Amino acid sequence: VQLQASGGGSVQAGDSLELSCAASGQSFNRYSMGWFRQGQGKEREFVAGITWNGGETYYTASVKGRFTISRDNSKNTVALQMNSLKPEDTAVYYCAADRQRLWGPVRADIWGQGTLVTVSS
């Protein structure tokens, strides 16, 4: 599986943005998917994860209630809907895939390239 993230951009605080990650290759629906982010000068951190069938989702505390992760196994895509964006959400966002659920630790079998999200106040 190879991952291609898109949808980043520059927005104002309070705006919304949706990131998308397209997977190529086989067995997409065998992977849990997740989003991670890395701000400038910061360590990479977990943002959201979703199990292979979408049955369970996980979020870091700072984005709960604002971000929603979803997947469409028929299209091999995973999305991250980000609402009420804050300047502290500014980061490079990475999609990732793993055979195990992605719920918090920063690890994954497969990483996509990042897409930059900039939120100005």
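This is a predicted model: local features need pLDDT of at least 70, side-chain atom pairs count only at pLDDT 80 or more; totals for chains, interfaces and linings use all residues.

User: OK, so are Cys21 and Cys95 buried or exposed?

Analyst: Cys21 is buried, and Cys95 is too.

User: How many disulfides does the structure hold?

Analyst: It holds 1 disulfide. Cys21 and Cys95 form it, with their sulfur atoms 2.1 Å apart. The link is right-handed, with 50 degrees about the S-S bond.

User: And what does the pair tie together?

Analyst: Cys21 sits in strand E3 and Cys95 in strand E9 (residues 91–98), so the link joins parts that are 74 residues apart in sequence.

User: Which residue stands opposite Cys21?

Analyst: That's Ala5. E1 pairs with E3 (residues 17–24) in the antiparallel sense, over 5 bridges.

User: Switching to aromatics. How are the rings of Phe36 and Phe46 arranged?

Analyst: The count is 2 aromatic pairs. For Phe36 and Phe46, the ring centres are 5.6 Å apart and the planes are at 75 degrees, so this pair is edge-to-face. Both residues are buried.

User: Which residues form the cluster?

Analyst: Phe36, Phe46 and Trp111 form one aromatic cluster.

User: What sits over the ring of Trp111?

Analyst: The charged end of Arg44, 4.7 Å from the ring centre. Elsewhere, the charged end of Arg71 sits over the ring of Phe28, 4.6 Å from its centre.

Technical notes. Residues are numbered from 1 along each chain as its sequence is written. Side-chain values use heavy atoms; hydrogens and water are left out. Two strands pair if DSSP finds at least two bridges between them. Helices (H or I, at least four residues) and strands (E, at least two) are DSSP runs, numbered from the N terminus. A disulfide is a pair of cysteine sulfur atoms within 2.5 Å. Buried means under 20% relative accessible area, exposed over 50%, partly exposed in between (1.4 Å probe, protein chains only). Rings of Phe, Tyr and Trp (its six-membered ring) pair if their centres lie within 6.5 Å; planes under 30 degrees apart count as stacked, over 60 as edge-to-face and the rest as tilted. A charge sits over a ring if NZ of Lys or CZ of Arg is within 6 Å of the ring centre and within 35 degrees of the ring normal.
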